[in-house]
Amino acid sequence: MIESFFSWLETSALGAFVKDQGATFATIEAVHLMALAVLGGSVLVSDLRLCNVVLTDVPSKTVTDNAHKYFKISLIVLLVTGFVMLSGVAVKCYHNFYYWVKMAALAAGILFAFFVRAPLLQGDHAELNPMTLKLVALASMSLWFLVAASGRWIGFSG
Amino acid sequence: MRPQSPHEWARFHCGITRELEASVLNSLALRFAEWVDSLSISSSLHESFYLYNWIETTHVLTLMLSLGMLFVIDLRMLGWWLMDVPATRIAERLNRPMWIGFSIMIVTGILLYVAIPIRTTQSVWFRLKLILLVAAAINAIAFNKYLAATGKTWDLDKIPPKRARYAAGASLCLWAGVIVCGRFIAYDWFDCGKEMSAFMNWAAGCIASAAGHH
């Protein structure tokens with residue numbers, strides 16, 4: 001069923017549009033990279049603050065609350081551009097091991113960001129164990145690094 | 001057609017000079033690339049699947065650090081992010097991680113050039129990327145001087161002055177251009193040897209060399 005969805009996606013109007021001109025895929029991918037930079041910035045500023053590495057004289061809740069807004073915006077852009085790119089190379093991605101590594105890491109990253117990290121950081125950070133904050137930050141950075149690295153590796157393994 | 005007037009001769013002469021200068025620069029760039037290509041490190045990098053791919057992956061992923069920090073700074077200067085935090089504090093505190101990221105990108109970028117020097121030198125996208133990098137650097141230097149001179153007067157403003165906003169907007173546009181050009185280097189639409197206009201051949205520096213590359 002999953003394989004038939006991927007086959008359908010590649011032969012759909014969206015897939016045809018992406019494959020029609022080589023510049024289409026490349027341009028969408030460039031937008032994907034720009035959104036990656038914004039997501040990277042929001043994740044790193046926020047998580048490095050939780051680790052007391054950057055902006056240590058700014059309240060951590062100020063940094064994390066501000067960062068979350070741009071995290072959500074960049075994530076939406078990444079998901080949309082990622083889906084559009086997938087439509088052009090769906091069957092190849094279905095058979096690519098690193099694509100599925102990226103999807104697993106992406107799912108874990110989204111679930112972790114919205115159901116573990118965000119609820120934990122809603123309250124007063126001073127009441128939380130500093131080690132807990134650091135572990136959450138390290139887990140967050142590791143997950144998003146894995147998403148980005150496996151995403152890049154799709155291109156090398158196809 | 002022969003120039004008829006002193007004014008036409010002057011334009012003719014300037015045109016020839018500019019063309020000669022462009023040819024000389026292109027020749028020098030290609031000769032430098034051919035020299036780099038002859039080094040054993042170039043072959044080692046180019047032929048090693050894992051080494052080249054890890055260097056490129058590092059280059060791409062590090063933009064999350066370097067450009068990520070830069071975008072936070074620029075968005076503060078636009079008055080779009082962390083407006084309750086003094087602007088100069090954001091710039092000062094994020095400067096070091098940003099430069100750690102840029103250092104990694106410069107090193108990996110040089111290694112990527114060394115791996116495939118000739119094609120990279122004759123890539124319009126690489127040339128445009130370098131131009132945009134220089135423009136972004138000039139913009140950053142000018143803005144940092146402005147920030148040092150006047151920052152304390154508008155530091156606490158949620159919306160910085162127009163000068164700061166224009167510089168931040170220019171920075172975002174230039175770096176977006178760098179990302180686009182960097183990604184497009186891999187595509188062969190305007191590679192030398194392909195059928196393309198005289199302008200594109202000139203822009204890519206497609207000239208024949210002693211080694212037969214063009």
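Q: What share of the residues in chain A is buried?
A: This is a predicted model, and in it buried residues make up 39% of the 158 residues in chain A.

Q: Why is A:V38 called buried?
A: A residue is buried if 20 or more other C-beta atoms lie within 10 Å of its own. A:V38 has 22 C-beta neighbours inside 10 Å, so A:V38 counts as buried. You will find A:V38 in helix α3 of chain A, which covers residues 22-50.

Q: Which residues does A:V38 touch, not counting residues up to four places away in sequence?
A: A:V38 touches A:Y70, A:S74 and B:F71. For a contact, the C-beta atoms, placed from the backbone, must lie within 7 Å. As for A:S74, A:V38 is 36 residues apart from it in sequence, and the C-alpha to C-alpha distance is 6.1 Å.

Q: Why does A:N52 count as partly exposed, while A:L55 counts as buried?
A: The cut-offs are 20 or more neighbours for buried and 12 or fewer for exposed, with partly exposed in between. A:N52 has 13 C-beta neighbours inside 10 Å, so A:N52 counts as partly exposed. A:L55 has 22 C-beta neighbours inside 10 Å and therefore counts as buried. A:N52 is placed in the loop between α3 and α4 (60-88) of chain A, and A:L55 lies in the loop between α3 and α4 of chain A too.

Q: What makes the backbone at A:N52 and A:L55 worth a look?
A: Phi of A:N52 is near 60°, a positive value in a residue other than glycine. Phi of A:L55 is near 50°, again positive in a residue other than glycine.

Q: How many helices and strands does chain A have?
A: Chain A has seven helices and zero strands, and along the sequence the pattern reads α-α-α-α-α-α-α. The C-alpha trace of chain A spans about 55 × 30 × 25 Å along its principal axes.

Note on methods
Residues numbered from 1 in each chain as written. Chains lettered and ligands numbered in written order. Predicted model: local features only at pLDDT ≥ 70, side-chain atom pairs only at ≥ 80, totals over all residues. Helix = DSSP H or I, 4+ residues; strand = E, 2+ residues; numbered from the N terminus. Contact = placed C-beta atoms within 7 Å.
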